[in-house]
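Hi,

Here is the structure I said I'd pass on. Have a look first, and then read my notes below.

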Amino acid sequence: MLDPELVELSADNVFVELRIIPNTHGPVTEEGIFELLSLPEFEHLFPLENIIQKAVVEINQLCGQDDGQFELFFKIAERRNGTIEIEISQDKMESVMQLTAAWGGEEVTIQDILKALKSNNVCMGLSKVKIQTLLKQLSQLEPGQTCRSVIATGKPSVNGEDAINERKVPLARERLLQPQENKDGTVDMRNLGAVIMVNEGDLLIEKIPATPGKEGYNVHGEILSPKPGKDIKLTPGTGTEISASDPNKLIATVAGQPVETKTGMQVDDVLNIKDVDVGYGNVDFKGSVLITGDVHEGMEVKSTGDITVIGFVDSASLFADGDVIVSKGIIGRQLKERELSTKIRAKGQICAQFIQYSDLEAEGEILVTKQLLHSHTRTQQKLIVSDANNRRGDLVGGVVEAAKGLKAVVIGATAGTKTEIFCAMEQSNLKNTMKELDQAVKSMVVAKLDIEARLKKLPPKNEWQDDEMMVEQVKMMLDEKNRITQEWKREELEYELIKQEVETYYQDNRIEAHKHIFANVELHIGQAFNRTQREHGTCIVFNENQEIKFDYSNRS
C-alpha cells in the first residue's frame with residue numbers, strides 16, 4: 001500500500017490532494033491510489049477517475065528519469081453535494097424527481113427541493129408524502145447512490161358527456177323480443193302482447209343535456225380545457241310538442257303509436273286493418289299501419305310511420321318511413337337469379353321472427369329472431385339473427401350487406417349452402433371524410449390568422465372609434481373570427497370522432513357467431529376475403545391487416 005502520508009485534504013477541505021515523488025514512491029497503480037481513498041477520512045469523497053488515470057501514467061513515465069526526483073501534485077477526489085434532478089414528461093402530466101446522495105458534501109434538504117421545483121415550474125399535483133419518503137430513502141443511501149419517484153401528477157381534463165335523447169316509451173319493434181308470460185310461468189312465443197300505444201300528455205323522450213366537462217391541469221399549473229359534450233336536437237314531430245314546463249321533455253299531444261325519428265319522435269294515427277288482400281287493396285297511409293292478420297301475395301303497403309303485421313307477409317311489398325315489424329314471418333320465393341318476390345324497405349329497422357327469399361333494405365338494424373334464409377339483406381347498421389338469449393338464430397344462404405357488422409347464432413348450413421357476407425366496407429369513405437375535414441380545418445386556421453393580422457394592423461382605437469363605417473368593418477371582422485373559431489371547433493371535434501371510428505373500425509364492425517360458421521360461407525370484411533373450408537365453432541371474425549382472422553377466445 002502506498003504511504004497514507006502521500007494524501008491529505010486541501011486547505012479548503014474540499015479536495016483530496018496527492019503529493020508524490022515518482023522516483024521515491026513509484027511506480028504506482030490505480031488500485032493503489034483507490035486504496036488510499038478508502039481510508040476513513042476520504043472514503044466518502046468522490047474519486048476523480050480521469051485525473052487518477054492521468055496521474056498513474058505521468059508518475060510511471062517519470063520513474064527513473066531525472067525529472068522523477070521532483071514532487072508531483074494531483075487533486076484525486078473531491079467533496080460533492082447531493083443533487084436533485086427533475087424530469088417532466090412530454091405531456092407535462094408527470095414529474096419525476098431523482099435525488100443523489102452527497103459525496104462528503106451537503107445533503108439535499110427540503111429547502112433545496114422547493115427551490116428546484118420552483119426553478120422547473122413544478123407547482124401543481126405535488127405529493128408531500130412522496131417527497132418526504134424520498135428524503136428518508138436518501139438518508140439511508142451510500143454516497144453517489146440515487147433514489148427516484150414520481151412526485152407530481154397532473155389532473156387530466158374530463159371531456160363532457162354528449163347529450164342523449166332517452167326514450168321513455170317502448171316501440172312497436174320491441175314487442176317482438178318480449179313474448180308474454182302465462183299465469184303458470186310459461187312463455188307464449190306467439191302472444192306478443194298489446195300493440196304499443198301512447199295517450200295525450202304521455203312523456204315520450206327526455207333529453208339528458210350535454211355536460212361541459214371538468215377542467216384539468218398539468219404539473220406547471222396550466223389549465224387543461226375539456227371538450228364539451230356534443231349537443232343534439234330534440235325536435236317535436238307530428239302529434240308531439242316540447243313540454244312548456246321543461247324544454248328537455250317531449251310529450252304526446254294526441255293518442256296513437258309512437259314512432260322514433262332521428263331527432264325525436266312522432267305519434268301517428270294508426271290505420272287498423274285485418275288483412276291486406278285483393279279485397280282490401282293496396283295501402284298508402286300517412287301514419288302508422290297495424291295489420292292484425294296477413295299481407296297477401298302481390299299486395300303493397302306504404303306508410304309514413306311504422307308498419308306492424310301481426311301475421312305473415314307473403315310475396316308482398318312493404319315500404320315504411322319508420323320500422324317494419326312482422327310478428328310471425330316474411331315469406332317469398334325466387335323469381336329470377338337476383339329477383340325475389342317479397343320486398344321490404346324501412347328507414348328505421350326491420351324486425352321479424354322468420355324471413356325467407358326476401359329482399360330487405362333498412363337504414364336501421366335488421367333483427368331476425370329465428371331464421372333468415374336465402375334472402376338479399378342490406379342494412380346501414382347491424383344485422384342480428386338471434387333470439388334474446390343467443391340460443392337460436394340461423395343465417396343460411398343469400399347475400400348480406402351489413403355496414404356495421406353481423407351477429408348470428410349459426411351462419412351457413414351443414415350442407416355447405418353458399419352464403420355471402422359483406423360488412424365494414426366504408427373505412428375508405430371515412431378516411432376521405434377525415435382528409436376533407438383536415439383540409440377544412442387548415443383553411444379555417446389560415447382565415448383566422450389572416451383576420452387577426454388585419455386586426456393587428458389597425459391604428460389605435462381612439463383614431464377610428466367615431467368612424468361608423470370603420471367600427472362596422474371591425475365588428476364584421478370580429479364576428480367572422482368568432483364564426484370561424486366556432487366552426488373550427490366543431491369540425492375539429494368531428495375530425496377526432498371520425499379518427500377514433502377509423503382507428504377502431506374493424507374492431508367495432510365484425511362478425512360474431514355464437515355457435516357455428518359452416519363451410520362455403522364467403523366472408524368479406526373491408527378488402528379482406530375468406531371462404532370457409534370447414535366448420536368453425538363459437539368465434540369472432542374480423543379484419544386484421546386486410547386478412548380475415550378468427551378469434552375463438554370467447555368460447556363458453
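Contact here means heavy atoms within 4.5 Å, and buried means under 20% relative accessible area, exposed over 50%, partly exposed in between (1.4 Å probe, protein chains only). Helices (H or I, at least four residues) and strands (E, at least two) are DSSP runs, numbered from the N terminus.

Some housekeeping: this is a predicted model, where local features need pLDDT of at least 70 and side-chain atom pairs count only at pLDDT 80 or more, while totals for chains, interfaces and linings use all residues. Residues are numbered from 1 along each chain as its sequence is written, and side-chain values use heavy atoms, with hydrogens and water left out.

Back to H3. Its buried residues are Ile52, Ala55, Val56, Ile59 and Leu62. Seen down the axis of H3, they fall within an arc of 145° (taken from the directions from the helix axis to the C-beta atoms), so they line one face of the helix. Lys54 and Gln61, on the other side of H3, are exposed. Just after the helix, Gly64 has a positive phi of about 80°.

Next, the sheet. Four strands make an open sheet in the order S8-S11-S16-S15, with antiparallel pairing; two strands pair if DSSP finds at least two bridges between them. Strands S8 (164-167) and S15 (240-242) are at the edges with a single partner strand each, so one side of each has no neighbour in the sheet. Going across, four bridges join S8 to S11 (residues 203-208), and Ile164 has Ile208 of S11 as its bridge partner. Three bridges link S11 to S16, where Leu203 stands opposite Ile251. Another three join S15 to S16 (residues 249-252), and there Ile251 is the bridge partner of Glu241.

Last, what does the side chain of Asp359 join in a polar contact? Its partner is the side chain of Arg378, at 2.7 Å; a polar contact is a pair of N or O atoms within 3.5 Å, and within protein one must be able to donate a hydrogen and the other to accept it, with residues adjacent in sequence counting only if both atoms are side-chain atoms. Asp359 lies in strand S31 (residues 358-362) and is buried, with a relative accessible area of 13%.

Cheers
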